[in-house]
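Subject: Structure handover

Hi,

Here is the structure I promised you. Please open it beside this email and follow along.

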Amino acid sequence: MGEGTTAMGGFVTAALGFPAVLFSFLLIVVIGYWLLALFGGVDTDGFDGGDGLLAGFGGVPLSLSLSLLIAFTWFASLAGTVLLDDLELSTPSRIGLGVGVLAVALVLGTLGTRVIVVPLRRVFGPAKEPSRRDFVGRAAVIRTSSVTHDFGQAEVAAADGSTAIVDVRQAGQGNLTAGSRVVLYDYDSEGEFFWVESLDI
């Protein structure tokens, strides 16, 4: 019991020592933030994005990047604070080395954050811009009286369930009329229309 109390007291002392104390309070804020987010008390999207300096972790929500940065820097600064306490230095030397530990902790925190963030960019990266080519391979329904090599329109559903009216063309001879089901098998970017083939074959 006594050893556990001593260890806990040593941990608290180190966490409140310079430079760890600077990030101990920030870590408490981070923990409180994520607890509130867990119970719906804050909107995590409201603290994300932007083009500022700390948004340079690229594509990953700023709230997550900052939380990782603070956590890694706190851990590094705590380890440095423990080492300084063991050296039993004078106050001026303690402060001077503490500033050095702070700088090293920031560097290590940034590196640690990047190690975690880089793989997460694929998950949180910007969504792919929608393209008309996304319709290629999808089924559609003819909405004009006929489809020829230079005339025709069809209604096609996107992956999100929304629908669009697109220009379509038929390469060969066929009897595509209103209500016929077709597949959009190619897109002509110059003419901005789709080549279609009947699904009733």
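Strand β1 (residues 139–142) runs antiparallel to strand β2 (residues 153–157), and three bridges join them. Strands are DSSP runs of E, at least two residues long, and helices are runs of H or I, at least four residues long, all numbered from the N terminus. Two strands pair if DSSP finds at least two bridges between them. V141 has E155 in β2 as its bridge partner. β1 also pairs with strand β4 (residues 181–188), again antiparallel, over three bridges. There, A140 stands opposite V182.

This is a predicted model: local features need pLDDT of at least 70, side-chain atom pairs count only at pLDDT 80 or more, and totals for chains, interfaces and linings use all residues. Residues are numbered from 1 along each chain as its sequence is written, and side-chain values use heavy atoms, leaving out hydrogens and water.

Next, the cores. A nonpolar core is a set of buried Ala, Val, Leu, Ile, Met, Phe, Trp, Tyr and Cys residues joined through side-chain atoms within 4.5 Å. Buried means under 20% relative accessible area, exposed over 50%, partly exposed in between (1.4 Å probe, protein chains only). The largest core has 15 residues; F135, V166, V168, L184, F194 and V196 touch the most other members. β1, β2, β3 (163–169), β4 and β5 (193–198) each give two or more residues to this core. β4 gives the most, with three. A second, separate core has ten residues, including A14, F23, L27 and W74.

Finally, L16. It lies in the loop between α1 and α2. Why does L16 count as exposed? Because its relative accessibility is 52%.

Best wishes
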